[in-house]
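Hello,

Here is the structure I promised to pass on to you. Have a look at it first, and my notes on what turned up follow below.

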Amino acid sequence: AINVNVTAVGNIGADEDNLMTYALPANSLSANGKGLKVKAWGTTANNINAKTLKLHFGTQAILTNSLATSLAGFWYIEALIIRSGANTQDIVVNLNTNTATVAVIDQEITAGTQTDTAAITIKCTGEATADNDIVQEGLLVEFLN
């Protein structure tokens, strides 16, 4: 693991707020096939407020999801990011969350376009209405080399 953060942080008010952030050092993805596993998890408040969770890799939002309302919920993200060429990455993201009656899985596959010779910010953001509508409980970043 290159980063572990388990200090809970919640959104503040109605704007999109950074929750947990990690700055991947420049040149960490220095060769094709090098990669990362990112895990993030947290909870949602039991109210009717709209809640949007995002996972960012550099300047790209690689996952955007509207979380369930009117229940004390949970969410868990796992992303694989593999360098496929200079300044290009293959990205697969899975989100597990819940509604009032069922588990929900959201899967995204995308191409990354982040400059790998510069630092790359990995972060979750939360956008909601009231403080702590979305709380991030943890962020883990691991190398896959």
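Let me begin with Asp-17, which is found in strand E3 (strands are DSSP runs of E, at least two residues, numbered from the N terminus). Before going on: this is a predicted model, in which local features need pLDDT of at least 70 and side-chain atom pairs count only at pLDDT 80 or more, while totals for chains, interfaces and linings use all residues. Residues are numbered from 1 along each chain as its sequence is written, and side-chain values use heavy atoms, with hydrogens and water left out.

Asp-17 is buried (under 20% relative accessible area, with a 1.4 Å probe and protein chains only). Even so, Asp-17 has no salt bridge (a side-chain nitrogen of Lys or Arg within 4 Å of a carboxyl oxygen of Asp or Glu). The nearest side chain of opposite charge, Lys-123, is 10 Å away (Lys and Arg count as positive, Asp and Glu as negative; His and the chain ends are not counted).

Now to the sheet around it. Four strands make up an open, antiparallel sheet in the order E3-E10-E5-E6 (two strands pair if DSSP finds at least two bridges between them). Strands E3 (16–24) and E6 (60–67) stand at the edges with a single partner strand each, so one side of each has no neighbour in the sheet. E3 pairs with E10 (residues 120–127) in the antiparallel sense over seven bridges. Thr-21 has Lys-123 in E10 as its bridge partner.

Finally, Gly-13 lies in the loop between strand E2 (9–10) and E3.

Enjoy exploring!

Notes:
Buried < 20%, exposed > 50% of the residue type's maximum accessible area, 1.4 Å probe, protein only.
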